[in-house]
Amino acid sequence: MVKFDAKLLKKDFPIFQNKKNLVYLDNAATTQKPRSVIQSMVDFYENYNSNVHRSIHELGETSTCFFENSREIIAKFLNAENEEIIFTSGTTEGVNFIADAWARQNIEKNDYIVTTQVEHHANFLPWLRICKNSGAKLKFLELDKDTFFIKLPEANFWSDKIKLVSISASSNVLGEIWKENQLENIISAAHDIGALVLLDASQLAPYKKIDVKKLNIDFLVLSGHKMLGPTGIGILYINKSLHNKVEPYKVGGSMVQAASFNDVIWKEAPYKFEAGTPAISQAIGLGAAVKYLNENVDFKEFEKHTAYLSSMLIDGLLKIKDMKIWGNIEQIKKSGHLVSFSLPDIHAHDISGFLGGLNISVRSGHHCAQPLANMLNLQSSVRASFYIYNTVQDVEIFLDKLNETVNFFRK
Ligand code: PLP
């Protein structure tokens with residue numbers, strides 16, 4: 001069994017050696033990179049830099065081999081087939097891809113797209129635009145403002161006018177939003193009325209082992225940089241039964257089997273979906289990141305660890321007068337990895353700015369989920385989020401410095 005030891009893992013991350021006192025709790029925005037990921041990209045540029053899928057010289061063969069090996073590592077990680085894994089620049093591009101290459105052709109006036117009230121703009125604005133352009137309508141799965149779970153929709157919520165359900169597996173503001181098997185139930189209710197389902201897994205994939213076959217999902221998107229990989233690379237999973245129903249998002253080099261002056265035949269997936277020179281070093285870096293997770297992280301133990309840190313954090317936060325925590329406290333303490341909070345008398349930016357001066361990185365703002373923030377009447381919150389290298393000591397320092405911050409502003 002793979003052991004899980006955050007203190008030991010921290011040693012694999014050069015940034016923590018270079019910035020000795022850094023307490024990094026902004027992992028929901030992006031994670032730090034282990035040496036093996038950085039080295040995999042240095043290796044590419046120093047030893048076999050070459051384009052992929054075209055040149056048959058030795059360097060070209062080597063880079064193609066490493067690039068495709070990455071796809072295979074990621075496919076295994078998600079229990080997908082290799083051809084179902086499409087490299088994108090990240091979650092944002094993955095959602096826009098499906099909006100442009102599937103929804104634009106298939107969503108008509110008076111159809112519905114279902115999403116939740118808690119989405120990041122990346123999984124909301126592409127659907128808002130599709131609806132504005134086509135005359136289709138958005139329908140929302142609502143948030144219970146007391147429990148912070150998504151409410152179970154009434155039976156009459158579902159109709160065959162719903163063509164797509166596009167939802168987050170986990171919120172970047174509230175953490176877990178699905179009670180027990182509710183996510184699975186929504187996926188199957190959507191399939192029962194013939195709708196497709198897209199899952200924004202950018203906040204789940206770094207923390208929980210996802211099995212796309214078990215989830216029975218049609219599309220899944222994630223960002224590599226939130227799970228130890230470099231920026232500029234992400235994954236779009238398209239179930240292979242849909243490969244012929246999704247158009248290429250971009251067209252150009254590398255994805256053509258035959259082209260004439262008046263026609264074109266695409267290659268098979270995944271190449272049909274990857275026009276142009278891809279982000280080669282980043283794809284290799286993401287493969288190295290997933291390999292690192294496979295070799296060093298037992299996800300069950302990791303979940304216990306982040307839940308323990310979250311519990312500690314919440315208990316400490318609640319000792320501060322007028323503290324408001326946004327999210328289901330019980331659930332976060334059981335299996336969470338992020339905690340958003342606010343104080344009525346100190347602006348979240350003041351808190352995160354002050355903490356920044358004390359070597360503590362947390363995020364503040366509406367977290368790119370402005371409709372949710374407006375609905376909750378929450379102008380701005382502070383978010384602390386954990387990853388595999390965060391320790392009990394990080395939480396202790398954070399709480400200590402947060403108290404110092406609060407005292408400074410309240411004195
Ligand atoms: N969806 C969620 C839930 C997120 O948290 C984020 C980023 O924070 C995104 C989508 C967008 O990811 P990216 O900026 O990597 O495309």
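This is a dialogue on how to read some features of a predicted model.

Trainee: What should I know about the model before I start?

Mentor: The model is predicted, and local features need pLDDT of at least 70, side-chain atom pairs count only at pLDDT 80 or more, while totals for chains, interfaces and linings use all residues. Residues are numbered from 1 along each chain as its sequence is written, and side-chain values use heavy atoms, with hydrogens and water left out.

Trainee: Which domains does the chain have?

Mentor: Domain bounds come from an automatic or database domain assignment. Here the assignment gives domain 1 (6–25 + 298–410) and domain 2 (39–294). Contact means heavy atoms within 4.5 Å. The contact takes 32 residues from domain 1 and 30 residues from domain 2. Taken over C-alpha atoms, the centres of domain 1 and domain 2 are separated by 28 Å.

Trainee: How is empty space found in a structure?

Mentor: Rolling a probe the size of a water molecule over the atoms shows where empty space is left. A pocket is searched for on a 1 Å grid over the protein atoms alone: it is an open set of points where a 1.4 Å probe fits, with protein on both sides within 12 Å along at least five of seven lines, and lining residues have an atom within 4 Å of a point. Grid points are joined across faces, edges and corners, and a volume is the space filled by probe spheres set on the points. In this model the largest pocket has a volume of about 730 Å³. Of the 22 residues that line the largest pocket, the closest to its centre are E184, L204, K208, K209 and E303.

Trainee: Which helices supply the lining of the largest pocket?

Mentor: Helices (H or I, at least four residues) and strands (E, at least two) are DSSP runs, numbered from the N terminus. At least two lining residues come from each of α7 (182–192), α8 (212–215), α10 (299–317) and α11 (329–335). The most come from α10, with 4 residues.

Trainee: Is E303 buried, exposed or partly exposed?

Mentor: Buried means under 20% relative accessible area, exposed over 50%, and partly exposed in between (1.4 Å probe, protein chains only). E303, found in helix α10, is partly exposed, since its relative accessible area is 26%. Leaving aside its neighbours within four places in sequence, E303 is in contact with K208 and S335. E303 and Y207 are 96 residues apart in sequence but 7.1 Å apart in space, C-alpha to C-alpha.

Trainee: Which residues does I332 contact?

Mentor: I332 is in helix α11 and counts as buried, because its relative accessibility is 4%. Setting aside neighbours within four places in sequence, its contacts include L174, A307, S310 and I314.

Trainee: Where is N390, and is it buried or exposed?

Mentor: N390 lies in the loop between β15 (381–385) and α14 (392–410). N390 is buried, because its relative accessible area is 0%. A polar contact is a pair of N or O atoms within 3.5 Å; within protein, one must be able to donate a hydrogen and the other to accept it, and residues adjacent in sequence count only if both atoms are side-chain atoms. A polar atom of the N390 side chain lies 3.0 Å from the backbone oxygen of Y24.

Trainee: What is the accessibility of L152?

Mentor: L152, in the loop between β4 (137–141) and β5 (162–168), is exposed, with a relative accessible area of 65%.

Trainee: What can backbone angles show?

Mentor: Omega describes the peptide bond from A269 to P270, which is cis, with omega near 10°. P270 is in the loop between β10 (264–266) and α9 (280–296). For phi, look at D322, with a positive value of about 65° although D322 is not a glycine. D322 sits in the loop between α10 and β11 (324–326).
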